[in-house]
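I opened the model to look up single residues, then whole chains, then the contacts between chains. The entries follow in the order in which I made them.

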Amino acid sequence: MINAVFWFFAGVAVLSAALCILQRNPVNAALWLVSTMFSLAAIYVLLDAQFIAAIQVLVYAGAVMVLFLFVIMLLNLGHASSDIRGPSAVAATVVICGLLVGELFALWRYTPHRLAAELAQAGPFSDPRAVFAAGDIARQEAQVRGVVGVIAAPLFQTYLVPFEITSILLLVAIVGAVVLAKRNV
Amino acid sequence: MLLGPSLGLSAILFSLGVAGVLLRRNAIVLFMCIELMLNAVNLTFVALAQLYGASGYIMVFFVMTVAAAEAAVGLAIILAMFRHRQSVDLQNINLLRG
Amino acid sequence: MSFSHWVWLAVALPLGGFLVNGALALRRPGAKALVSLVGPGVLLGAFAVSLGVFRELLEHPPHEPVIVKLWPWLPVGQLGVDLAFQVDQLSVVMLLVVTGVGSLIHLFSVGYMRDDPGYARYFAYLNLFIVFMLVLVLGSSFPVMFIGWEGVGLCSYLLIGFWFSDKANADAGKKAFIMNRIGDFGFLVAMFFIWRAFGTLNFAEVTARAPSVLTPGGAVVTAITLFLFLGCTGKSAQIPLHTWLPDAMAGPTPVSALIHAATMVTAGVYLVARTNVLFAMAPLSSSVVAGIGALTALFAATIGLRQYDIKKVLAYSTISQLGYMFLGVGTGAYVSGIFHLATHAFFKALLFLGSGSVIHAMHHAYHATHSHEDGQDMRNMGGLKTYMPVTFWLMLIATLAIAGIPPFSGFFSKDEILAAAFARGGEQPAFYLFYAMGVIAAFLTAFYMARLIAMTFLGSNRTGEKERGHLHEAPWIMTGPLVVLGVLSLAGGALNLPHLVGGHAALEGWLEPVMEPGLRIARLVMPEGSTEYLLVGAAVAIGAVGLLLGFRATLSRPTLPAKEAPADTGLALLLNRKYFVDELYDGLFVRPLGWISRMVLWKGVDQTVVDGLAVNGAARVSRALGWLGSRLQSGQVGVYVVIFLVGALWILRAVLR
C-alpha cells in the first residue's frame with residue numbers, strides 16, 4: 001500500500017521536475033517546482049519524517065517559492081525568444097547527466113542488505129545491524145518525545161553552535177538582500 | 001524499506017536539476033533548478049535518517065535554512081543585475097570575460 | 001739556494017716591461033724615451049739572468065733537471081700540474097738564444113721603429129712575446145709549455161697585424177693564428193694521449209717512464225708523436241701548414257727576425273728535441289718528421305728562387321732551414337737540430353735585420369720623393385753596396401753562413417744534419433732520399449741567397465735618380481746589433497766543432513744528459529773516415545757552386561725595375577706563385593667552410609633552428625597556451641557551470657572507487 005503511494009508521488013515529483021526545467025514561462029516553471037516540493041513532502045511523510053514534511057511545505061513551498069514568484073512578477077519577465085542554450089549545451093547536458101545518473105546509481109549497491117553483507121565479511125563487527133543502531137534509537141525516541149522532539153533534542157544540545165551560527169547567517173542574508181536590492185546604495 | 005527507491009528518486013531529481021542548470025538561460029529558472037537539486041539532496045538525507053538517526057533530520061533542517069538565505073540573497077543579486085542590464089539572460093552577463 | 005731558482009726573474013722582467021710599455025701605450029704613447037729604456041732594458045736584464053744560470057750549470061752540470069716550482073696550477077684529481085720551470089742544459093741553450101738574440105733585436109727596433117706612432121705598443125707586444133717564449137722553453141710540463149705555445153701564437157698575431165689599418169696585414173695575422181690553431185689541436189690531442197698512457201704530464205716523469213710504459217714502435221707512441229708533429233708543422237711552418245709564414249712578412253721586419261726566424265718557429269724543433277725519447281721509440285714518426293722536413297726544405301727552396309720581395313725570399317729560406325732542423329731531429333740527431341737552430345738564429349736574424357736596414361733606407365728614399373714604388377722589391381734595389389757598406393758585408397757573412405761555407409757557423413750545423421741523414425740511410429734507405437733532397441736544397445739555398453745579394457747590393461742601382469741621393473747607411477743603433485750577429489754567424493760554429501777539425505763537440509757533450517734517453521733507443525752511428533771527408537767535401541762544393549752560379553746568373557742579365565719588369569710565365573710563374581698552394585687551400589678548405597658557415601650554420605642552424613624554433617618558437621608556444629587559457633575565461637557563467645560539474649563528476653568517480 002505504502003509502496004503504491006510512494007510510487008505515485010515519486011512519479012508526480014519526477015514529472016513535475018521535468019516539466020519545470022522544460023517550461024518556457026518562468027511562472028509556469030515556478031509552479032511546477034512547487035508541485036515537486038509538495039510531492040516530496042508527501043514522500044517525507046511516508047518516510048516517517050513528518051516534521052520535515054511540514055517545514056518543507058511551510059518554508060520551501062510557502063516562503064522560498066513565493067519569493068521566487070514575487071521576483072518573477074516584479075521583473076515582469078515575459079517569454080524569451082529561445083530560452084534553451086544552443087545544441088552544444090544540449091550535448092553537454094546529455095553527456096554530463098548521463099554520467100551523473102550512472103554514477104549515482106552506482107551507489108545503489110549500498111542498500112542495507114549489501115552493506116550488511118559486506119560488513120559481515122569485513123570482520124570486526126559481530127552484529128552488522130549494530131551500525132544502523134542509531135536509526136532504531138531515533139524511532140524509539142520518537143515514541144517517547146514525539147516527532148518534533150526527535151529533532152529538537154539534538155538541535156539544542158549537540159548542534160547548538162551551528163544553530164546559533166545559522167541565526168547569524170540569516171541576519172546577514174537579510175541585510176545583504178536589502179543592500180543588494182536597493183536602488184541607490 | 002523505502003531506502004533504495006528513495007535514493008533512486010533522489011538521483012533522478014538531482015540529475016534533472018543539473019540538466020536544468022545546463023540548459024536554461026534565464027537566471028531565475030536556473031536558480032529554481034538549483035533549488036530542485038537541494039530538494040533532491042534533502043530527500044537523500046531523510047531517507048538515510050532511517051538508518052543513521054536524527055542527524056539526518058538535523059542536516060535537512062540546516063539545508064533548508066541555508067537554502068532560504070541563499071534564495072534571498074541570490075534573488076537580490078538577480079534584481080540588481082536586471083536593473084543594470086534590463087535582462088536576466090545569462091549569455092549577456094559576461095563581464096568576467098578574461 | 002742555487003741561482004737556477006732565480007730563473008723566473010728572466011720571465012718576470014719582460015713581463016714587467018710589457019706592463020709598463022702597455023700602460024704607456026694606453027696613456028702616453030709619446031713617451032718614446034722611457035719605452036726605449038724599458039723595452040730593451042728588461043731584455044738585457046733577462047739575458048744577464050740567463051748568463052748567470054748558464055754559468056752555474058757550467059760549474060755543476062746536473063744529471064737531473066732542476067725544477068723550479070712557482071705554484072700549483074691545476075691540482076685536479078690525479079692530475080697535478082704545477083706552474084714550474086725546468087732548468088737543464090737544453091732549456092738553458094734555448095734561454096740564451098731567445099734572450100740574447102732577442103736583446104739584439106730589441107736594440108735594433110729602437111732605431112727601426114723610431115718614427116712609428118705605435119712605438120710603445122710595439123715594445124709592449126715584443127716584451128710579451130719574450131715572456132711567452134721563455135715560458136715555452138722553460139716549461140717543465142706539457143701544459144706549461146702549451147701556455148707559452150699559445151701565447152707566442154697570440155703575440156705573433158698581434159705583431160704581424162701591427163699595422164692593422166691595412167686589411168691585408170690584419171688578414172695575415174688572422175691567417176697565422178688560425179693555421180697555428182690547427183697545429184695546436186694536434187698538440188692537445190697528443191697531450192690527451194700522454195695523460196692517458198702515463199697519468200702525468202711532466203717532462204721529467206714522461207721521459208723517465210716512457211720505455212716502460214709504451215711499446216717501442218707501437219700504435220700509442222706513434223699516435224702521440226704524430227700529433228705532436230702536427231703541432232710542430234703549424235708552429236714551425238712545415239708542409240702542409242706552411243703558408244702563413246710568408247704572409248707574416250706583413251709585420252715589421254724586426255718582428256720577422258725575432259719571431260719568424262729565430263725563436264717562435266723553432267719551438268717545434270725544441271718540442272721534438274725535448275720529447276726525444278718518444279720520437280726515438282716511434283721510428284715511423286721520426287721518418288715522417290725527417291721526410292716532411294726534407295720535402296719542405298726542397299719545396300721552399302724552389303719557391304725562393306723566384307720571389308722578388310726581399311723578405312719573402314728570407315721567409316721561404318726560413319721555412320727551408322726549418323725543414324733542415326726537422327730533418328736533423330727526425331734522423332735522431334737531436335743535437336744537430338738544436339745546433340742548426342742556434343746558428344740559424346744568428347745568421348737568419350742577421351739577414352732579416354740587414355734587410356730591415358735596406359728597407360728602412362729604401363722607404364726613406366721613396367718617402368722623400370713621394371714615390372709609390374715598393375721599397376721591398378729587389379728589382380728596385382741594386383748597387384746598394386756603395387751606399388750601405390757595413391750592411392752589405394754583414395749580410396754577405398750571413399749568406400756564406402747559410403750557404404754552408406766553412407768556417408762559418410752554418411757549414412758545421414748543416415753538414416752534421418746531412419751526414420746524420422746519410423748515416424741513417426744505412427738502416428733505413430728512405431733516408432738516402434732525404435739526404436739527396438737536403439743536398440739539392442743546399443744547392444738551391446746557396447743559389448737564391450747569392451741572387452738576393454746580387455740583386456740588392458751588386459750591379460747598378462735601379463732605385464731612381466731622385467731617390468739615390470737619400471740612400472744612406474742605417475744608424476749605429478741598428479748596425480751595432482748586426483755586427484754582433486755577424487760575429488756570431490762567423491764564430492758560431494765553435495759551439496759544436498766536430499772532432500774532424502780538432503774540436504770537442506762541445507754542444508753535443510753539453511746536451512748529452514738531455515738527449516741520452518732518446519739516443520739510447522735510436523743509436524746513430526755517424527760516418528767516419530773517408531765517408532766523412534767525402535760528405536764534407538760534397539757539402540762545401542755544393543755550397544760554393546751554388547753561390548757562384550747564383551751570382552753569375554743574376555748579374556749576367558740586367559734586371560729591370562719592378563714597374564718595367566715583364567710578368568713571369570711558365571715555371572717562373574709557378575714558383576713565384578708558390579705552386580698555387582694558397583689558391584688550393586682556399587678552394588679546398590676556405591670556401592667550403594665559408595659556405596657551410598653561411599648556408600648551413602648561419603641560415604640553417606642559427607636563423608631557422610635557434611632563432612625560429614627555439615626562441616621565437618618558445619614565444620609562440622607561450623602565446624598559444626595563453627590563448628588557450630584565455631578561452632576558458634569566457635565570462636559565461638554557463639561554461640563555468642559545465643566545468644564545475646565535470647570536476648564534481650570526477651571527484652565522485654574517485655570517491656566511488
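**Entry 1: Ile453(C).** I started at Ile453(C), which lies in helix 18 (residues 430-457) of chain C. Helices (H or I, at least four residues) and strands (E, at least two) are DSSP runs, numbered from the N terminus. The model is predicted, so I noted that local features need pLDDT of at least 70 and side-chain atom pairs count only at pLDDT 80 or more, while totals for chains, interfaces and linings use all residues. Residues are numbered from 1 along each chain as its sequence is written, and chains are lettered from A and ligands numbered from 1 in the order in which they are written.

Is Ile453(C) buried or exposed? I found 23 C-beta neighbours inside 10 Å, so Ile453(C) counts as buried. The cut-offs are 20 or more other C-beta atoms within 10 Å for buried, 12 or fewer for exposed, and partly exposed in between, with C-beta atoms placed from the backbone. Leaving aside neighbours within four places in sequence, I listed Met395(C), Leu396(C), Thr399(C) and Leu458(C) as the contacts of Ile453(C). A contact here has the two C-beta atoms, placed from the backbone, within 7 Å. I also checked Met378(C), 75 residues from Ile453(C) along the chain; their C-alpha atoms are separated by 9.5 Å.

**Entry 2: Leu126(C) and its helix.** Leu126(C) is found in helix 4 (residues 119-138) of chain C. I counted Leu126(C) as buried because 30 other C-beta atoms lie within 10 Å. Beyond the four places either side in sequence, Leu126(C) is in contact with Gly39(C), His106(C) and Ser109(C). From Leu126(C) to Trp476(C) I read 350 residues in sequence and 21 Å in space, C-alpha to C-alpha.

I then took helix 4 of chain C as a whole: 20 of its 20 residues are buried. At 1.5 Å a residue, its 20 residues should span 28 Å, and the end C-alpha atoms are 29 Å apart, which agrees. The expected span is 1.5 Å times one less than the number of residues.

**Entry 3: the cores.** Which residues touch the most other members of the largest nonpolar core? In this core of 213 residues they are Phe129(C), Met133(C), Leu134(C), Ala349(C), Leu350(C) and Ala421(C). A nonpolar core is a set of buried Ala, Val, Leu, Ile, Met, Phe, Trp, Tyr and Cys residues joined through C-beta atoms within 7 Å. Helix 15 (residues 334-368) of chain C gives the largest share of this core, 20 residues. I followed up Ala421(C); not counting residues up to four places away in sequence, its contacts include Ala290(C), Leu327(C), Phe431(C) and Tyr435(C). A second, separate core of 78 residues includes Tyr44(A), Cys97(A), Ala138(A) and Met64(B).

**Entry 4: chain C overall.** I found 25 helices and two strands in chain C. The C-alpha trace spans about 110 × 65 × 50 Å along its principal axes. Of the 657 residues of chain C, 52% count as buried. Strand 1 (residues 66-76) and strand 2 (residues 79-87) of chain C run antiparallel and are joined by nine bridges; two strands pair if DSSP finds at least two bridges between them. Val66(C) has Val87(C) of strand 2 as its bridge partner. The hairpin of these strands has two residues between them, and Gly77(C) there takes a positive phi near 60 degrees.

**Entry 5: chain B overall.** Chain B has three helices and zero strands. The radius of gyration of chain B is 17 Å, well over the 13 Å that the globule rule gives for 98 residues, so chain B is more spread out than a compact globule. The radius is taken over C-alpha atoms, and the rule is 2.2 Å times the number of residues to the power 0.38. I noted 58% of the 98 residues of chain B as buried.

**Entry 6: contacts between chains.** I found 69 residues of chain A in contact with 61 residues of chain B. Helix 3 of chain A gives the most to the side of chain A that touches chain B, with eleven residues. That side divides into 61 nonpolar, six polar and two charged residues. Ala, Val, Leu, Ile, Met, Phe, Trp, Tyr, Cys and Pro count as nonpolar, Asp, Glu, Lys and Arg as charged, and the others, Gly among them, as polar.

Between chain C and chain B, the contact takes ten residues from chain C and eleven residues from chain B. Helix 25 (residues 637-656) of chain C supplies the largest share of the chain C side, five residues. I sorted that side into four nonpolar, six polar and no charged residues.
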